[in-house]
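Look at the structure first, then work through the points by topic.

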Amino acid sequence: MNTNTQNDSGGSKARGMLRAAGRGFVLAVVSLPLAVLCFTLTLVSIALIPIGVGLVTTPWVLTGVRTFANRRRVLAAEWGGVRIPAAYRPTPEDANPWTRTFTMLRDPATWRDLRWLPVDMTAGFLTALLPAVLVLYPLEGFALAAGLWRTMTGGPYVEYGPYWYGFVPVSDQTSAFGAAALAAVVLIVAHRYAVTLFHVHFRLTRAVLSPSESELAERVRVLTETRRDAVDTSAAELRRIERDLHDGAQARLVAVGMDLGTVEMLVDKDPEKAKQLLAHARRSSADALAELRDLVRGIHPPVLAERGLGDAVRALALRLPTPTEVTVELAGRADAPVESAAYFAVSEVLTNAVKHSGADRIWIDLHHADGHLRISVTDNGKGGAAVGTGSGLTGVERRLGTFDGVLAVSSPAGGPTMVTMEIPCVLS
Amino acid sequence: MRVVLAEDLFLLRDGLVRLLEAYDFEMAAAVESGPELEQALAELKPDIAVVDVRLPPTHTDEGLQCALRARRERPGLPVLVLSQHVEQLYARELLADGTGGVGYLLKDRVFDAEQFVDAVRRVAAGGTAMDPQVIQQLLARRGDDRPLARLTPRELEVLELMAQGRSNAAIASRLVVTERAVAKHTANIFTKLGLEVSDDDNRRVLAVLAYLDRDR
């Protein structure tokens, strides 16, 4: 049993060594030309920016570099078990070349990629190739001992003196055995360290390619802030709901109960008065229902629960006094919290548009692409809307921030105003 | 008149059964979920279905979808949809086929038994019963509508009641005027809105609703 296990582990180690050598070889051979190509194209493309050509080519080239780097991230996870997080900033899809180029160039992740490429084509290349060399080189040593030494030292090679295998000069069968001994040592080293060495390659990649600590710290800061906002907002919401229930529905139900108690007392003595009170009680309960309905709409609109975001926004648009066109392209439903945040964000933006813009038309577009829910609300009003002027857009920004969503406002004086919102999410 | 009722909350279902039976309706079935409703509608062929929008198992708009499907298979099947909230979006979907026999009311309306039963009878007879809130939403959206602005306050009142699906006689008794006066108002409204006058009550209601729901 014991022997078997040892054989197994020895066998699996040998397989691991061969796999590391094979993969390393492929990786080295394929990635070297690609890395050189990426690096050269990037340098040329950036150099061409001043004459304009670079503006068009740079986003393409940098996207290629990112694809290459991402492919290597996947390989690092699959082959080396090393996770390398990617931290690219989202680039606006439909922006002009100028914006795209400079958004990408301002992204520290881009520069990290460019620092990584030269490292990858040198140290990265060597560390990937080394396991293959350690496995292949001993084969030559054994071949020399098996008789290859005659060919390598005889015939036309005579004038070159002894054949050097590593540091062993091979000139006869004895020294050829010496070479074989060295080969055996190298093979043992390979057997023991090939896999580790291969992993060194991925660790090197991670060291250069993963986001720096300051970026992570920035991310933590943003998360802390948005979480605090979310907690504050939901606490305030709860307080508002409590107050509304307390002053509204609850109070009305108390009144209904009181009316009914009085009716009980009056029903024999003064039926006419009792009837009046009954009517009053019915009105109170209807009012309580109406208030609860409004309250529910403010917590989670029923259409949203019943139909999802698309129809909820359509229903919202139908309630607006301004004619509104809604276009929805959603293949499924987002998570309930995301739907809710998106709904209230749209609702707030629409309220703003109706109240302040003076627009007589509004267009809403909802679609999902590249893992993002994208919503734009456009009106033909007088413009001049901005985040942070107490316009309610700050609240929207905060609401979306909880879900890593972003808000952008384009509202030149004279209009039109376009508010774009983006929330990363998946549809199911 | 045979009724199929679908409502998932026991208290409301029970109350509605008692109310309808008190007014001499025959309860063919009172079910609590979408699939049961589907089956009951197919097998029992009721004269009218009274349906809650939100039903198990999905607790989304299962009841509404069920009713819409049933009406596609049996055009004109009278359906009265009840809900805790009314949406113009849903009203539009119910009215889309233009055949009538449709009701859409807030659940609160059962408080007034007479009015509610009247709505059930109207829908079963192929008429329309739209919740006052739906009509108010429709009217509110047309704040700057020129032809509507030309109506007198009295004509607006008549328009609102008409859009809810009420007959001339019902409007007359509600506003405490003669039927002839209502007929005169109605004729004025149709002229001012540029709609074709029709003697058929139901066709008139649908024309008014279509006008109010039309995009500007």
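In this predicted model, strands β3 (residues 48-52) and β4 (residues 79-83) of chain B pair in the parallel sense. The pairing runs over 4 bridges. Across it, B:Val51 stands opposite B:Val81 in β4(B).

**The sheet around this pair**
- Chain B holds an open sheet of 6 strands, and the pairing is parallel.
- The strand order is β2-β1-β3-β4-β5-β6.
- Two strands of chain B stand at the edges: β2 (26-31) and β6 (128-130).
- Each edge strand has a single partner, so one side of each is left without a neighbour in the sheet.
- On average, neighbouring strands of this sheet are turned by 15° against each other, direction ignored.

- B:Asp52 is found in strand β3 of chain B.
- An unreviewed UniProt entry lists B:Asp52 under "modified residue: 4-aspartylphosphate".
- Is B:Asp52 buried or exposed? B:Asp52 counts as buried because it has 24 C-beta neighbours inside 10 Å, and the cut-off for buried is 20 or more.

**The whole chain**
- Chain B has 11 helices and 6 strands.
- Chain B has 216 residues, and buried residues make up 43% of them.
- Take the contacts in chain B between residues at least 6 apart in sequence: 61% of these join residues at least 24 apart.

Key. Residues numbered from 1 in each chain as written. Chains lettered and ligands numbered in written order. Predicted model: local features only at pLDDT ≥ 70, side-chain atom pairs only at ≥ 80, totals over all residues. Pairing = 2+ DSSP bridges. Axes fitted to C-alpha atoms, helices over the stretch in contact; angles between N-to-C directions. UniProt positions renumbered as here; feature names shortened; annotations may be inferred. Buried ≥ 20, exposed ≤ 12 C-beta atoms within 10 Å, placed from the backbone. Contact = placed C-beta atoms within 7 Å.
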